[in-house]
Amino acid sequence: MAQELYQPPKELVENSNIKAFMNKHGIADLDILLDKAQDLDWYWGEVAKELDWFKPWDKVLDDSGAPFFKWFTGAKFNIVHNCLDRHMNTPVKDKIAFIYESEPGEVERWTYEQLHKEVNMFANGLKKLGVKKGDRVTLFMPMIPQNPIAMLACAKIGAVHSVVFSGFSSGSLRDRILDADSKVLITTDGAYRRGKVVELKKNADAAMAEAPCCQHCVVFKRAGNDVPMTEGRDIWWHDLVDGLSDECEPEPLDSEDMLYMLYTSGTTGKPKGIVHIHGGYAVGTYSTLKFVFDLKPDDVWWCAADIGWVTGHSYIVYAPLMNGATSILYEGAPDFPAPDRWWSIVEREKVTVLYTSPTAIRMFMRHGEELPAKHDLSSLRLLGSVGEPINPEAWRWYRDNIGGGKLQIMDTWWQTETGTFMISPLPITDLKPGSATRPLPGVKADVLTQDGNPAKPGENGLGVLLKPWPAMLRTLYKDPDRYVQTYWSRFPGKYLTGDSVAKDEDGYFWFRGRVDEVLNVAGHRLGTAEVESALVAHKDVAEAAVVGVPHEVKGDVPKAFVTLKVGVEKTDALKDELKKWVATEIGKIAQPDEIEFRDKLPKTRSGKIMRRLLKAEALGQPVGDVSTLDE
Ligand code: PRX
């Protein structure tokens, strides 16, 4: 294992938020803090005090119904009150919340006060449509300010949002609307992507045609493309809010009331609706952003993810607003109109903390050092990475070319399920390139062998979380059994992450990738089963097996092995058709990089496709034990 060690500069350490917290509690070093924070009631209770509660909690953690844990029980709370309303009595009111840059290049600066008013108006609009506490609302929107505004408006009145990434197909959108039983869909006429208008409303219409639960569609006018509006169902955003009050009191909710659901891929073809709630999620996201990325009042924070994924939910929307931070919100593609678009934004807006993914870094690496070198990136003071293991080479490139050869990189390991960073450096941590370092305060993690014993140092094993945490998922929407089965049954009492990982002699975690049939394509999670079921839905396909193969930029990419129905000819044209088919069935991210036709797929005697063999073959590795193979 790499022995390089990057120590944080003294100034970063001394001025860090985590150090201030430690000083306040008379804690001398990180090891003592990590140890003391294993008292979950103490640590999370202390952190939670920094937020505004309508009524305090009776208990920090209620584990009586494990693994259905509850946090801050008895309290009344609303996350949006903490994001917006409470700032209206402080100087944060006039601070910029979002610096929004559209792909064509317009810049809008939204103060906290403006955002607050706009959220209130839209919340009143939702009420006018009959949306009530507990109702589900689906969002299918590009990266524009109205996206967080719609999320916050839902949460303010106690409705539950379900954001669907705008790159998904109409079929994926329909399935998610139906599963959530959403009453309202919020979308835009179109969205800009690489200079072209993507017709979101068209996909929304196709989805709604097969989702009768959806009674209303609110359409924000973004791209000005022509869209049909269905009388009685569809309404323009500006018409909905016209004349409505810009005041709206936050609904006083129970801590455990549902905030949102977000679908993510699992090992079956059916995505899982991860459920997050108001109270504990707020405590977790607020504190991890504050401590890991060390946000200070003058920082300009840029989490360059999409709001359609958990990273955007937690670290573009909720955590920065609770911290009163200024954030960049960029609508478009990173390489449009040129691959230095991001660096021009960093330079112009004097971004201080940048958080992105290894896949983006590898893409920039391919374009060369010259592009960032053309820009003054000296405003940056801290960097971050998320989504997949970062290879040490990309880590060093990032530090050298974006971080001026000196910035620390916070490699944050977490999941849609965890809601917040779990294993991650703090600004006071010594870094090893490629390692997410150690569990954060209040988190306990370990590596187990297949039979549940602690793995030896350096030995790859299964990553588990040993204690509950406030921002954890509460269940899978309408599927509590699958929640228990997926996360808590392999090693009872322990949360199974699904990741392969090794821990070194210093207790540093080295993540290797998923152990299940889940791929990490350009930082997006994709179940191979989803791609397989899309393929077999094609009229010419008999069977399909999909495996992940490594890709230089994207991490993994799907490769499909397909058998065709009798009489269908194996042509290159059909391969192309199948690739496009998957893109329209699921979305472009799921499109196989390569398709190979086979007469037969290798199967066990019980008829299960042996993907392991196909994968070994695709990687040119030995096939291993084939004793269960049918022929
Ligand atoms: O395999 C791990 C990988 O991404 C998975 C979670 O994906 P998702 O729920 O889409 O959330 C992504 C953003 C939080 C994990 O199971 N992963 C995430 N961050 C890292 C990582 N792998 C290694 N290092 C990381 N920093």
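**Exercise 1. Lys350: buried or exposed, and what is its phi?**

*Solution.* Start with the accessible area. Lys350 has a relative accessible area of 54%. The cut-off for exposed is over 50%, so Lys350 is exposed. Keep in mind as you work that this is a predicted model. Finally, look at the backbone. Lys350 isn't a glycine, yet its phi is positive, about 50°.

**Exercise 2. Which residues of helix H2 are buried, and what covers them?**

*Solution.* Go to residues 17–24, which make up helix H2. The buried ones there are Asn17, Ile18, Lys19, Phe21 and Met22. Now see what is packed over them: the cover includes helix H1 (10–14), helix H3 (30–36), helix H4 (40–48) and H11. Then step past the end of the helix. H2 is followed by Gly26, which has a positive phi near 65°.

Leaving out residues up to four places away in sequence, Lys290 touches Asn17, Glu50, Leu295 and Asn323. Its relative accessibility is 17%, so Lys290 counts as buried.

**Exercise 3. How many residues does the largest nonpolar core have, and which have the most contacts inside it?**

*Solution.* Here's the idea to begin with: in soluble globular proteins, nonpolar side chains tend to be buried together. In this model, the largest nonpolar core has 124 residues. Those with the most contacts inside it are Ile79, Phe122, Ile186, Trp237, Phe293 and Tyr318. Helix H12 (residues 310–322) supplies the largest share of this core, 8 residues. Apart from this core lies another, of 39 residues, among them Val164, Ala544, Leu564 and Val582.

Zoom in on Ile79, which lies in helix H5 (residues 79–83). Its relative accessibility is 0%, so Ile79 counts as buried. Setting aside residues up to four places away in sequence, the residues Ile79 touches include Leu259, Tyr281, Tyr318 and Met322.

Now try Trp237. With residues up to four places away in sequence left out, Trp237 touches, among others, Phe122, Met141, Gln146, Ile186 and Phe220. Turn to Gln146, which is in helix H7 (residues 146–156). Beyond its neighbours within four places in sequence, Gln146 contacts Trp110, Met141, Phe220 and Trp237. With a relative accessible area of 8%, Gln146 is buried.

**Exercise 4. Which residues come nearest the ligand, and how much of its accessible area does the protein cover?**

*Solution.* Begin with the shell. There are 16 residues around the ligand, and Asp411, Thr412, Thr416, Asp499 and Arg525 come nearest. Sort the shell by class and you get 5 nonpolar, 6 polar and 5 charged residues.

Next, look at the polar atoms:

- A side-chain N or O atom of Asp411 is 2.7 Å from a nitrogen atom of the ligand.
- A polar atom in the side chain of Arg514 is 2.8 Å from an oxygen atom of the ligand.
- A backbone N or O atom of Pro389 is 3.4 Å from a ligand nitrogen atom.

Last, the cover. On its own, the ligand has 540 Å² of accessible area, and the protein covers 96% of that. Strand S20 (409–412) and strand S24 (509–514) are the elements that give two or more residues to the shell.

Terms used: Residues are numbered from 1 along each chain as its sequence is written. This is a predicted model: local features need pLDDT of at least 70, side-chain atom pairs count only at pLDDT 80 or more; totals for chains, interfaces and linings use all residues. Side-chain values use heavy atoms; hydrogens and water are left out. A residue is near a molecule or strand if one of its heavy atoms lies within 4 Å of it. A polar contact is a pair of N or O atoms within 3.5 Å; within protein, one must be able to donate a hydrogen and the other to accept it, and residues adjacent in sequence count only if both atoms are side-chain atoms. Accessible areas come from the Shrake-Rupley method with a 1.4 Å probe; for residues, only the protein chains shown count as cover. Helices (H or I, at least four residues) and strands (E, at least two) are DSSP runs, numbered from the N terminus. Ala, Val, Leu, Ile, Met, Phe, Trp, Tyr, Cys and Pro count as nonpolar, Asp, Glu, Lys and Arg as charged, and the others, Gly among them, as polar. A nonpolar core is a set of buried Ala, Val, Leu, Ile, Met, Phe, Trp, Tyr and Cys residues joined through side-chain atoms within 4.5 Å. Buried means under 20% relative accessible area, exposed over 50%, partly exposed in between (1.4 Å probe, protein chains only). Contact means heavy atoms within 4.5 Å.
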